[in-house]
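Trainee: I have some questions about side-chain contacts and surface. Can we go through them one at a time?

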Amino acid sequence: MFPICIREAMRYSADWSALQYPRQWPRALEREALYAQLVGVVSGLGVDLGPGENKNSVGPLVGILFLTAAGLLVGSTAFTWWVGRIAQDSTRALTEQRSVIEELDHVLWTVEAAETGQWGYLLTGQDQYLESYNHALPEVHEHLKGLGHLVTTGHLPAEPVARVTTLVQEKLSEVDQTIQVRREQGLEPALVIVRSDRGRRIMESIRSEVARMRVEEEAEFHQAGGRAERATILRTVTFILTALLNLGFLSWAYRRIHGDMSQRRRAEEAAREAHRQVSTLLESISDSYYAMDRGWCFTQMNRNAAEYFGVEASSMVGRVYWDALPKARGSVFEIQYRKAMREGVAVHFEVYSPATSRWVEAHAYPSSDGLFVYFREITERKKREEELHRLNRTLKALSQSDQAMLRAKDEQQYIGEVCRVIVEGCGHAMAWVGYTEQDANKTVRPVAYAGFDEGYIDALRITWADTERGQGPTGTAIRTGKPSMCCNMQTDPRFEPWREEALKRGYASSIVLPLMADGGVFGALTIYCKSPDPFVEDEVQLLSDLASDLAYGITAIRLRLARARAEQELREAAEQRRLAMEAADLGAWDYRFDSGEVFWDDRCRDLFGVPAGDQVRYDTVISLIHPEDRAATDEAVRQAIAGKDGGAYHEEYRVIWGDGSVHWVASHGRAHFEGEGSSRRAVRFVGVNMDITERKQGEDALRKVSEDLQRSNQDLEQFAYVASHDLQEPLRMVAGYLQLIERRYKDKIDPAGREFIDFAVDGSTRMSRLISDLLDYSRINMRGKPAEPVEVEMVLGRVMRNLSASIAESGAVITHDPLPTVQADGTQLLQLFQNLIGNAIKFRCTDRPCRIHVAAWQKDAEWVFCIKDNGIGIDPQYAEQIFLIFQRLHSRKQYAGTGIGLAICKRIVERHGGRIWVEGCLGQGSTFFCTLDA
């Protein structure tokens with residue numbers, strides 16, 4: 001009974017101290033050691049401390065003293081035991097309250113872990129990020145069951161727990177839905193669910209409910225702690241009094257146990273020395289080390305491990321691994337450690353910590369006491385391995401890009417293949433190539449890309465101008481001709497215009513390499529990565545070499561294709577030249593000044609009547625030319641060789657064949673020169689010859705016909721003029737006598753006779769008008785005046801005065817734009833506008849006011865005049881017919897006239913070197929156009 005009481009008292013004291021002061025756990029362990037020493041001392045005195053203990057016989061005095069002391073101890077122990085029970089109940093209540101708080105915290109932590117897995121998978125789409133979610137899911141349900149058990153035991157109220165359970169289930173449902181949508185439909189639909197803010201609201205509600213319940217439980221926790229503390233103080237005072245009563249007994253017993261204590265002290269010193277040596281050994285190794293018991297509590301930790309975790313080694317001893325390092329929950333550490341502890345096998349693994357951006361290599365060895373862990377940071381080694389891996393991949397991509405240039409059939413295929421090699425071979429997220437445009441905005445035109453894009457390229461709108469959108473990596477690289485990097489898209493201010501779209505696609509950094517040729521930048525190669533600051537100096541150099549090879553490959557392919565096109569064009573041109581010369585019946589010649597020889601093709605020999613095989617020199621050619629043309633031809637050749645008109649040569653001359661026949665030849669050529677300034681000289685003279693004998697004969701015949709036709713036209717115009725002038729007199733006489741007969745014999749002529757006289761007078765009047773119009777028509781060329789500056793606005797004013805009666809009668813409104821001054825015959829220009837405006841008035845619509853507008857504008861080297869009306873219009877099929885002489889579209893009863901007015905207009909315009917035409921539709925008015933030289 002005695003040792004049990006001591007053990008219980010010390011255990012309760014240690015438990016309460018551990019709960020209230022975690023840093024005093026080592027002190028509790030020292031109390032356990034003190035208990036073990038006390039049991040050893042009492043056993044040495046021969047007191048029965050329980051079953052199986054050794055007994056020794058002592059003298060009566062010692063027995064009496066011991067029994068007295070034992071009686072005091074029993075009494076004090078009984079009192080202490082009673083106080084201990086009180087403290088035990090308080091401690092149990094305190095422990096239960098703590099378990100309630102921990103259960104609430106675990107529910108919140110596991111839900112947050114599930115949400116963390118959701119976000120990792122949502123952003124990356126990789127299943128490895130669901131490990132924390134898959135691990136947290138069963139723990140959530142386990143802790144929810146724990147809350148339900150606390151409700152049944154009365155430690156928690158049922159209503160708040162039900163609310164928390166419902167909210168957690170809603171949150172898990174939302175997380176599961178988001179993961180399913182991300183897996184089946186992609187990132188954007190999943191983001192739509194996230195943007196609804198439902199998950200965040202549910203999570204905030206869970207935190208709020210847990211926080212409220214936690215506050216209530218912590219209040220009860222502090223109350224229970226107060227009770228436990230008071231009971232502990234009472235127990236401690238009692239224990240001290242008991243210790244004082246037994247001080248005398250212990251002093252007396254000191255001599256008896258001194259020997260045993262010395263021996264025990266030496267053993268303990270040896271144990272401490274061994275422990276010190278082990279600790280020194282563990283501290284001296286370069287690896288980090290810590291040990292845990294089977295309850296996952298730290299039992300030892302060396303300095304390197306403490307520095308890695310940023311804590312004091314002594315403060316970690318006795319703490320539970322998962323409480324001291326809560327981020328380890330659900331991680332690879334927990335999975336591997338539990339495997340080692342569960343299966344009793346050593347585990348070795350490497351893991352990356354995104355929180356610290358460090359790699360760790362760990363070895364865990366299970367034992368009967370717990371788990372021993374050695375680990376070391378391998379971040380630098382991993383970086384070197386990754387750098388070496390990337391360099392190897394880049395070197396391989398460099399080699400593959402060279403092979404792609406040899407295989408590529410065209411530029412587009414080559415660039416696309418290089419982008420694919422960079423993405424697939426180097427492991428980058430995306431690569432694209434853009435060419436610089438020389439437009440006003442200095443845009444960068446994407447030509448090829450590979451990798452994850454989803455519309456990113458179309459949204460870039462990059463420029464290499466010195467503007468805000470041109471300050472990004474691509475614009476900077478093109479302007480400076482040097483590589484430009486964005487190490488972190490989230491923080492680099494230059495990347496602001498494209499940050500949102502880039503982060504949506506998981507891009508984190510980029511490098512842009514200029515593509516240069518002939519000392520200038522013609523494009524850029526842009527590479528995107530999903531990790532920040534991924535490019536080391538050696539890799540940048542290799543990628544720069546790759547960009548240089550790409551630029552060289554593009555240039556080489558362009559030259560290769562250009563050479564192929566040029567060769568094909570040369571072949572086609574040669575064939576076309578041959579066919580053209582055959583079709584045009586041309587003969588080619590080449591005069592080489594170094595040898596004095598003239599090279600002729602077969603056709604050229606035929607043109608000069610020279611047999612094939614005969615050697616031809618310049619003197620030979622000159623001797624074959626007609627004597628009358630020889631000197632002029634020789635002089636034209638000398639002028640061309642001297643460089644006149646750039647060495648051009650054009651000459652027509654006669655050639656005398658051996659049979660004495662004469663043939664006309666046209667020669668066209670050009671001299672080619674070498675050197676500059678005074679050393680410039682002709683080295684070659686090439687050209688073609690063409691037989692123009694038939695053309696010359698045709699020109700002679702045509703000249704004779706033209707002369708005869710011109711003479712005939714002049715005779716006809718003279719006849720028309722004379723006939724028109726001479727016919728006026730007899731017509732006036734006939735009309736006059738008919739009118740005289742009508743007046744003198746009016747009473748003697750019956751109505752039929754008077755009607756006949758009216759018909760005869762009307763016919764003679766119309767004939768007189770027709771002859772007058774023919775006279776005007778013939779006068780256009782015969783009596784036309786030389787062109788002189790004429791102000792068209794003044795001409796239009798005279799026309800309106802001449803037509804004032806018609807304008808007043810019809811109510812026509814005539815408007816005009818500013819009109820120019822032109823070189824023309826003023827009289828004929830007046831007649832032109834008067835005829836066109838008079839026709840517009842004549843052919844007006846009776847159901848609407850007559851509107852006429854005159855406009856003019858300059859087009860190239862001529863003025864275009866426009867007379868637009870809103871009259872009866874014209875059928876487009878008669879647009880050419882109305883300008884022919886005597887052509888009418890209406891009867892004389894409908895509209896008076898001879899049908900010569902528009903023919904006169906056409907002849908006037910053509911005499912001035914212009915043209916006239918009409919546009920319009922029936923019922924919608926007409927627009928007459930004519931042109932005059934500016």
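Mentor: Start with a definition: a residue is buried when its relative accessible area is under 20%, and exposed when that area is over 50%. Keep in mind that this is a predicted model.

Trainee: Is F298 buried or exposed?

Mentor: The cut-off for buried is under 20%. F298 has a relative accessible area of 2%. F298 is therefore buried.

Trainee: Which parts does the pair of F298 and Y321 tie together, and how many residues apart are they in sequence?

Mentor: The two rings form a tilted aromatic pair, 5.6 Å centre to centre with 50° between the planes. F298 lies in strand β2 and Y321 in helix α11, so the pair ties together parts that are 23 residues apart in sequence.

Trainee: How many disulfides does a search of the whole structure find?

Mentor: Take C905, where the nearest cysteine sulfur belongs to C930 and is 8.5 Å away. A disulfide needs the sulfur atoms within 2.5 Å, so C905 is in no disulfide. For the whole structure, the search finds zero.

Trainee: Which helix gives the most to the nonpolar patch?

Mentor: The patch covers about 570 Å² and includes V237. V237 is partly exposed, at 45% relative accessible area, and lies in helix α7. With five residues, the top contributor is helix α7.

Trainee: How far is the charged end of K696 from the centre of the ring of W664?

Mentor: A charge over a ring must be within 6 Å of the ring centre. K696 sits over the ring of W664, and the distance is 4.6 Å.

Technical notes
Residues numbered from 1 in each chain as written. Predicted model: local features only at pLDDT ≥ 70, side-chain atom pairs only at ≥ 80, totals over all residues. Heavy atoms only, no water. Patch = residues over 30% accessible without salt bridge, like charges linked within 9 Å, V, L, I, M, F, W, Y side chains within 5 Å. Areas by Shrake-Rupley, 256 points an atom, 1.4 Å probe, with all protein chains shown as cover. Salt bridge = Lys/Arg side-chain N within 4 Å of Asp/Glu carboxyl O. Helix = DSSP H or I, 4+ residues; strand = E, 2+ residues; numbered from the N terminus. Buried < 20%, exposed > 50% of the residue type's maximum accessible area, 1.4 Å probe, protein only. Phe/Tyr/Trp six-rings, centres within 6.5 Å; stacked < 30°, edge-to-face > 60°. Lys NZ or Arg CZ within 6 Å of the ring centre and 35° of its normal.
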